[in-house]
Amino acid sequence: MATILAVDDEEDMLVLIENILKKNGHCIHAVQNPLELDENSLRKYDLILLDVMMPSIDGMTFCKKIRRIVDCPILFLTAKTMEADVVKGLLSGGDDYITKPFGVQELLARVEAHLRREQREKHAGFNLGSIRFDLSSKSIFVEEEKVPLTKSEYRICVLLAERKGQVFSKEQIYEQVFGYEGEGEPSAVSEHVKNIRAKFQRVGEKPIATVWGIGYKWN
C-alpha cells in the first residue's frame, strides 16, 4: 500500500482517482488547492498526481517549488498533448504524465509502474524552525552547525520530527528505529533521548518534549 497525494481543482476528477486507487489498497489524500498544503508534510507521500491547469498555481510551477522537499515520483495530469508542454513538465521535475481523459487501467498501470521503480536515493531535506534535516548525508544542523548525533540518535530525531506533535512511547520508538530484531531494550530509548537533548542544548535548542506517562514528541 502506498500513500498518494492527488491534486486537482476538479472535485469529480479527485473522486474518480480516489475510487480507482483505493481499490488497489492505496491511501489517497485528495486536495483541490495545492497552496493549502503544508510543504513539510509532502515528504510522507510515495507518489504525487498533479494536475497541470489549476487556478491557484499551475502544476509545473508547484512541482518546481516542491522538488527541493520531495523525492517521490510526480505524475502530471494534463489535457495538453503538445510535445513542448510535456518537455516543460518533465524539466520542472516531473517524472511522467497522464493525458486526460484516461482509463482506469492506464492510471493503475502508470502508478504501479512508478511505485515499483521507485528506488531512488533520498536527497531532499526539510526544516523545522532553525533545525535543518539533510536526508542525503543523514545529518542535522542548527543554523550552519552540525549536531554530532550517532546513527541511532539521528533515526530517533527523524522519526519524531517527521511526525511533529505525535507522541511515541519508548516501545514504539524502539520498534520503528531498531525493529523487532534490534538488540537491547526499549528502556535504552530514554538514554538516547537524554544524549540527544544534551547535544541540542549545546546549540540552544530543546526539540524533544516528554509527555509524562506516555513517551516523547518533537516540539
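Guide: Gladly! Rings of Phe, Tyr and Trp (its six-membered ring) pair if their centres lie within 6.5 Å; planes under 30 degrees apart count as stacked, over 60 as edge-to-face and the rest as tilted. By this rule there are three aromatic pairs. This is a predicted model, where local features need pLDDT of at least 70, side-chain atom pairs count only at pLDDT 80 or more, and totals for chains, interfaces and linings use all residues. Residues are numbered from 1 along each chain as its sequence is written, and side-chain values use heavy atoms, leaving out hydrogens and water.

Visitor: Why is the pair of phenylalanine 200 and tryptophan 218 called edge-to-face?

Guide: The centres are 6.1 Å apart and the planes make 85 degrees; the limits are within 6.5 Å and over 60, so the pair is edge-to-face.

Visitor: What makes phenylalanine 200 and tryptophan 218 buried?

Guide: Buried means under 20% relative accessible area (1.4 Å probe, protein chains only). Phenylalanine 200 has 0% relative accessibility, so it counts as buried; tryptophan 218, at 3%, therefore counts as buried too. Ring pairs also join Phe200 and Trp218 with Phe126 and Phe133 in a cluster.

Visitor: How do you know that the charged end of arginine 43 sits over the ring of phenylalanine 126?

Guide: The rule asks for NZ of Lys or CZ of Arg within 6 Å of the ring centre and within 35 degrees of the ring normal. Arginine 43 is assigned to that ring, with its charged end 3.7 Å from the centre. Likewise, the charged end of arginine 132 sits over phenylalanine 141, 4.4 Å from the ring centre.

Note on methods
Buried means under 20% relative accessible area, exposed over 50%, partly exposed in between (1.4 Å probe, protein chains only).
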